[in-house]
Amino acid sequence: MLESFKRGMLQLASRRIYIFMMLIVPIAFALFFINLMNEGLPLKVPVGMVDMDHSTLSRRIGRSLNAMELIDITQDVESYHKAMDKVRSGELYGFFYIPSDFQEKALSGKTPTLSFYSNMSIFVPGSLSFKGFKTIAVTTAGAIVQTTLVSAGADDAVAGSMLQPFNQDIHPLGNPWTNYSIYLCQSFIPAMMALLVMLVTTFSICQEIKRGTSVEWLATARGSMALALAGKLLPQTIIFSAVGVFLQSILFCYLHFPLNNHALHIVFAMILLVMSSQAFAVLITELLPNARLSMSMVSLIGILSFSIAGFSFPVDKMYGGIAIFSYILPIRNYFLIYIDQALNGIPLYYSRIYYIVMLGLLLLPLIGLKRLRKHCLNPVYVP
């Protein structure tokens, strides 16, 4: 074990790519993403407005839209078709459409239509523009109804109570500030860490087979494939875990993200994330002991984990054939631990299943140890 550990340390020191992938990339990505989400969510999404009415009411709607912090009307477009072309080209993330004769129909008791279009292929700006458009549309509809009621003889207070019979007192749990950064940073940064861990793990093992040094590597562990893997991966585990805990300290200590339970709960989860991601990558390498194929596979799984792990779309609403993969990804269990322990602050007992799953994933390399040992004893590089 000691000889394998020394060999693993020398391998990490032999090429700058390891230092780059294990230290520079995760820290640089985390700082970039934290700075990107510094305000909590992207504000002032560029949108357009198509005003075919050019009335007092339509100009008032335009001023209300521009006053919102979520969106910014950067262009007044002449027609629907030109606005749609700008959305398709990516110049705008949506536009608000006011038809002709809007004010006349609204004040005469008819039912004019307000339309708004959002580019939901880009999820966050599309959602923000949709939220801003819908808020203004609902507010405008309420104001028109109130004006109609008052003109019919109703009192202002009575008309207001009819439109809004009760006031809402909203208290969001876990994230009362509705800060997107608290949610997104704690999902994307660990997911990026898991991707890098899998890539480095696969690369370090496949390099032994590619260079024909796998026989020597196995000999340092006296023929034991398990000890050879443990010695090689232990230095990577230590470095990745230290980087992960360092990034957690930035989020929880410096940026003061919610941490409503003991810090060791989430630190232990990060260490398990690193180790279980390594085990997942080792299994793929055992099944595909080829650098190109195995690294392509772990890259695909790591990228898809941003989608199917349930960060932006609930798992129970996914197709069954897709949702089942979310339960075997280490990153999903880490994310659920973060929600339970950091945001909700519930007792550790109720998160035990997620820790157990991540511990169970550490046994995955046992499935293909014999197959990997066979390839290490007879290294054949297939480009």
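Residues are numbered from 1 along each chain as its sequence is written, and side-chain values use heavy atoms, with hydrogens and water left out. Because the model is predicted, local features need pLDDT of at least 70 and side-chain atom pairs count only at pLDDT 80 or more, whereas totals for chains, interfaces and linings use all residues.

Helices and strands are DSSP runs numbered from the N terminus (helices: H or I, at least four residues; strands: E, at least two). Helix 8 spans residues 180-211, which makes 32 residues. From its first C-alpha to its last, helix 8 reaches 46 Å, close to the 46 Å expected at 1.5 Å a residue; the expected span is 1.5 Å times one less than the number of residues. Just after helix 8, glycine 212 has a positive phi of about 75 degrees.

Six salt bridges are present in the structure, a salt bridge being a side-chain nitrogen of Lys or Arg within 4 Å of a carboxyl oxygen of Asp or Glu. One of them joins lysine 232 and glutamate 208, with an N to O distance of 2.8 Å. Lysine 232 belongs to helix 10 (residues 225-254) and glutamate 208 to helix 8, so this pair ties together parts that are 24 residues apart in sequence. Lysine 232 and glutamate 208 are both buried.

Glutamate 216 is partly exposed, at a relative accessible area of 47%, while arginine 7 is buried, at 17%.

Aspartate 85 pairs with arginine 88, and their closest N and O atoms are 3.9 Å apart. Both residues lie in helix 4 (residues 80-88), and because they are three residues apart, about one helical turn separates them. An α-helix has 3.6 residues a turn, so residues three or four places apart point the same way. Aspartate 85 is partly exposed at 46% relative accessibility, and arginine 88 is exposed at 67%.

Definitions and conventions
Buried < 20%, exposed > 50% of the residue type's maximum accessible area, 1.4 Å probe, protein only.
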